[in-house]
Amino acid sequence: MKKVIISVLGVLTIFSIVSCDKNNDISKPSLEKVVFSAGLDDIATKTQLVDGKKVHWTDGDKVAVFDNVSLSNVPFDATNINGATADFEGTLATEGVTSYVAVYPWTSSLRWSSGAGKYETTIPHYQKAVKGGFDTELNLAAATTTSEAKHLSFKNMCALVKVTIPSDITDITALTLMSGEFLTGRVLFTFDAEGNPVMDKENSTDSGFKEVTLAEENGKPLAPGDYYFVIRPSSSSFLSEGGVKHSFTVGAATVSGTVASIKSNVQIDVKANDV
């Protein structure tokens, strides 16, 4: 019996060595530096608003790049920034790759959902208040390009709702936008034949929120001025047919703890790229 056991173990050991040798023969794809040139739509696609609607890339911006082979989320960094144009640099395996998708902003949770056959990310329902603009991790924009062109023309997928705090009000600590329709949460999107990002209406609302709150991280009062909520659009050329219109209620919390609200009875068609 001992001889049999030793014999079997010997066979297993030899098989293990052969298997390791075969694995060592498998070469991993080589990584290459890839540079994309990038531009923006004319209206608020990015984090820095200029003259109300124009937008600029800023230092530290990152985009997620997916190639059509691995469909993995790879962060690319902005370089050579010149207002609405910039380059994005990163490292990818390029063998067999024919096309790329880029999404702003980069987050580790952004992914390709194989089950849905679409890209998946979220629009946060708690957003940092930024006077005259919006937080750097918010407004979704996407672009697609070929391996030959390597030029990204980003198009916005979200809408901005502006709320103005008058100059004589200095005790507001948070603003909340509410609606009967979904404003934030899980978002699925893909691209149409023209390369425009298309947000999926049916599957974007199963993990959604019907309100969104703006506040400072430390809870201090918001300075008077303009603030922007980033929400999913009700309908646009970048949204599936049959979008919905929103009626909004804006709530304001104050230092003393009181809450006031103003409701709009007007149905508003909030489109991507709209402010």
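These exercises walk through a predicted model of one protein chain, each with a worked solution.

Because this is a prediction, local features need pLDDT of at least 70 and side-chain atom pairs count only at pLDDT 80 or more, while totals for chains, interfaces and linings use all residues. Residues are numbered from 1 along each chain as its sequence is written, and side-chain values use heavy atoms, with hydrogens and water left out.

**Exercise 1. The whole chain**

Task: Find how many helices and strands the protein chain has, and what percentage of its residues is buried.

Solution: 
- Start with the secondary structure: helices (H or I, at least four residues) and strands (E, at least two) are DSSP runs, numbered from the N terminus.
- Next, burial: a residue is buried under 20% relative accessible area, exposed over 50%, and partly exposed in between (1.4 Å probe, protein chains only). Of the 275 residues, 41% are buried.
- Then the surface, from the Shrake-Rupley method with a 1.4 Å probe, where for residues only the protein chains shown count as cover. The accessible surface comes to about 14200 Å², and carbon and sulfur atoms account for 53% of that.
- Finish with contacts (heavy atoms within 4.5 Å). Taking those between residues at least 6 apart in sequence, 71% join residues at least 24 apart.

**Exercise 2. Salt bridges**

Task: Work out how many salt bridges a search of the whole structure finds, and which parts of the chain E89 and K33 tie together.

Solution: 
- Recall the criterion: a side-chain nitrogen of Lys or Arg within 4 Å of a carboxyl oxygen of Asp or Glu. The search returns four salt bridges.
- Take E89 and K33, whose side chains meet at 3.5 Å, N to O. E89 sits in strand 6 (residues 85-93) and K33 in strand 1 (residues 31-40), so this pair connects parts 56 residues apart in sequence. E89 is partly exposed at 26% relative accessibility, and K33 is exposed at 61%.
- Move on to D77 and K62, with their closest N and O atoms 2.4 Å apart. D77 belongs to strand 5 (residues 74-82) and K62 to strand 4 (residues 62-67), 15 residues apart. Both residues are partly exposed: D77 has a relative accessible area of 33%, and K62 has 32%.
- Now look at R111 and E120, where the closest N and O atoms are 3.0 Å apart. R111 is partly exposed at 40%, whereas E120 is buried at 14%. Together with R186, R111 and E120 are linked in a network of salt bridges.

**Exercise 3. Nonpolar cores**

Task: Identify which residues of the largest nonpolar core touch the most other members, and which strand gives the most to this core.

Solution: 
- Use the rule for a core: buried Ala, Val, Leu, Ile, Met, Phe, Trp, Tyr and Cys residues joined through side-chain atoms within 4.5 Å.
- The largest core holds 21 residues, and W57, V65, F76, F88 and F154 touch the most other members.
- Strand 1 gives the most to this core, with four residues.
- Zoom in on V65: leaving out residues up to four places away in sequence, V65 touches several residues, including F36, F76, L92 and Y100.
- Look for a second, separate core: this one has 20 residues, among them Y119, L138, V187 and F189.

**Exercise 4. Around G208**

Task: Locate the strand that holds G208, then list which residues G208 touches.

Solution: 
- G208 lies in strand 17 (residues 208-209).
- Not counting residues up to four places away in sequence, G208 touches F182, T184 and G185.
- Compare sequence with space: G208 and T122 are 86 residues apart along the chain and 9.0 Å apart, C-alpha to C-alpha.
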